[in-house]
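Hello,

Here is the structure you are taking over from me. Have it open while you read; my notes follow below.

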Amino acid sequence: MKFIFDSNTWQEIFGSIGKNKTRTAITIIGVLWGIFIYIALAGAAKGLDNGFERAFESVAMNSMFVWAQSTSMPYEGYKTDRQLQLKLSDVATLQNRLPEIQYIAPRNAKGVFDGSPASVVKGMKSSTSPVYGDYPVYTKIATKKIYDGGRFINDEDIQQARKVAVIGERTQQDLFEKDENPIGNFIKVDNIYFQIIGVHKFVPGGGFESDTDIYIPYTTFKKLYNTGDNVDWLTIAAYNDADVVQAETNVKNVLKSIHKVNPKDERAFGAFNLGEIFNRITGFAKGLTFLSLIVGIATILAGVISIGNILLISVKERTKELGVRRALGATPAEVRNQIILESVFLTVIAGILGIILGAGVLKLIDVLTQGTDFPYTNPTLPIPYVLGALAIMIILGTLIGLIPAQRAVSIKPIDALREE
């Protein structure tokens with residue numbers, strides 16, 4: 001290992017590289033391009049993955065929404081185009097029949113899909129807001145960030161059908177003074193007084209919800225709007241190890257059996273499966289990462305091979321020089337090590353430059369996508385992955401360097417001296 005720290009060794013290496021700077025520069029660019037592609041593509045895939053996770057951070061990744069529509073087939077005496085209606089009893093049936101379901105939250109709403117929003121009044125100020133009737137279990141599926149001092153709906157609110165409400169940030173701004181604490185105050189929702197128990201922070205990406213939404217207990221909503229046992233839609237979360245696509249199919253099949261719907265009727269119940277979307281995004285990101293790995297390694301290999309070719313040419317050009325060194329007592333190991341060290345040196349330089357360029361591009365992309373609606377966040381690549389790619393480059397550079405090194409060792413001093 002002493003030859004690595006020998007100034008003469010590095011002087012010869014730099015002298016060899018400096019003889020044809022253009023050729024060396026092109027070779028380095030060819031090698032750095034491989035690790036650059038890997039870092040840029042893999043980092044970009046991670047940024048896309050992070051962006052979608054952040055955009056839907058308030059909703060469980062294995063969740064879905066299911067609602068009733070109209071039938072498209074006759075069944076057991078029922079005609080086509082029969083309008084279906086989910087019922088509160090469907091929740092218990094689904095939970096009993098489908099073990100893959102972790103949580104089910106029946107939901108009702110006013111002023112979201114149809115009808116006008118509720119009139120909300122406090123003193124002389126008024127606004128309009130969508131109103132949701134919810135159970136506490138809903139927050140296990142879709143997280144609600146409540147400002148300090150407040151809370152979401154609890155079981156006692158449900159049992160006693162309390163007239164309590166969680167309002168949105170915009171509603172607070174519309175109805176209350178800047179320094180006024182809304183918690184404990186009363187507002188009128190469609191002419192019924194409700195006590196405010198919390199203010200929720202609006203998190204974009206949670207679907208159709210907004211910063212004006214008002215949440216009240218499901219049982220209170222039922223009495224206020226006389227909905228009976230009707231349910232607008234079900235928000236469902238499957239267990240993490242469950243197949244969310246199959247879970248959706250199972251939910252629809254159970255609902256079809258409950259509501260006497262033809263098993264082949266695909267229109268009867270609608271669904272929006274977030275879990276399926278997340279799986280596709282994750283699969284795309286993994287595919288892009290794998291593609292970047294394959295393309296990166298192939299490009300690195302091509303670049304490293306070019307280093308081997310350049311060194312073979314260099315050895316051919318330095319035949320007389322190497323022969324003189326052998327004649328003066330240089331051992332085959334010394335000649336071999338110098339050629340291999342030159343190969344590794346060029347590979348390391350190319351790798352470091354590729355890492356710097358890749359990191360720079362990811363930083364640029366991060367800056368350009370900040371403050372936009374595009375779901376893209378923190379495009380990075382773990383340090384171990386980067387170091388692993390660099391290690392692969394060094395190993396390949398060493399192996400490729402053995403070819404011109406062996407060619408240099410095979411040169412006989414007497415033949416080299418005859419070269420002119």
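Thr-235 counts as buried, because its relative accessibility is 1%. Please keep in mind that this is a predicted model. Thr-235 sits in strand β13. Its side chain makes a polar contact with the side chain of Trp-233, at 3.3 Å. Beyond its sequence neighbours up to four places away, Thr-235 touches Met-64, Phe-65, Tyr-103, Ile-104, Ala-105, Arg-107, Tyr-138 and Ile-141. Two of those contacts also meet each other: Arg-107 lies over the face of Tyr-138, 3.8 Å from the ring centre.

Next, the cores. The largest nonpolar core has 45 residues. Leu-94, Leu-234, Ile-236, Val-251 and Phe-269 have the most contacts inside it. Elements that each supply at least two residues include β1 (63-68), α3 (89-97), β13 (233-238) and α9 (274-317). Leu-234 is in contact with Met-64, Phe-65, Val-66, Leu-86, Val-91, Leu-94, Ile-104, Ala-105 and Pro-106, leaving aside neighbours within four places in sequence. There is also a second, separate core of 20 residues, with Ile-39, Ala-42, Leu-346 and Ala-389 among them.

Is Ile-307 buried or exposed? Ile-307 counts as buried, because its relative accessibility is 1%. Not counting residues up to four places away, it touches Thr-27, Val-31, Ser-343, Leu-346 and Thr-347. Ile-307 and Thr-27 are 280 residues apart in sequence, yet their C-alpha atoms are 6.2 Å apart.

The unreviewed UniProt entry annotates "transmembrane region" at residues 25-45, 290-315, 344-365 and 385-403. In the model, 344-365 is 100% helix, with end C-alpha atoms 31 Å apart. Residues 385-403 are 100% helix too, with end C-alpha atoms 28 Å apart.

Last, the rings. The whole structure holds eight aromatic pairs. Phe-113 and Trp-233 are edge-to-face, at 5.3 Å centre to centre and 85° between the planes. Phe-113 is in the loop between β3 and β4 (118-122), and Trp-233 is in strand β13, 120 residues apart. Phe-113 counts as exposed, because its relative accessibility is 54%. Trp-233 counts as buried, because its value is 4%. Tyr-132 and Tyr-215 are stacked, at 5.4 Å and 25°. Tyr-132 lies in β6 and Tyr-215 in β11, so this pair ties together parts 83 residues apart in sequence. Ring pairs link Phe-113, Tyr-132, Phe-152, Tyr-215 and Trp-233 into a cluster.

Best wishes

Conventions:
Residues are numbered from 1 along each chain as its sequence is written. This is a predicted model: local features need pLDDT of at least 70, side-chain atom pairs count only at pLDDT 80 or more; totals for chains, interfaces and linings use all residues. Side-chain values use heavy atoms; hydrogens and water are left out. A nonpolar core is a set of buried Ala, Val, Leu, Ile, Met, Phe, Trp, Tyr and Cys residues joined through side-chain atoms within 4.5 Å. Buried means under 20% relative accessible area, exposed over 50%, partly exposed in between (1.4 Å probe, protein chains only). Helices (H or I, at least four residues) and strands (E, at least two) are DSSP runs, numbered from the N terminus. Contact means heavy atoms within 4.5 Å. UniProt positions are given in the numbering used here, feature names are shortened, and annotations may be inferred rather than shown by experiment. A polar contact is a pair of N or O atoms within 3.5 Å; within protein, one must be able to donate a hydrogen and the other to accept it, and residues adjacent in sequence count only if both atoms are side-chain atoms. Rings of Phe, Tyr and Trp (its six-membered ring) pair if their centres lie within 6.5 Å; planes under 30 degrees apart count as stacked, over 60 as edge-to-face and the rest as tilted. A charge sits over a ring if NZ of Lys or CZ of Arg is within 6 Å of the ring centre and within 35 degrees of the ring normal.
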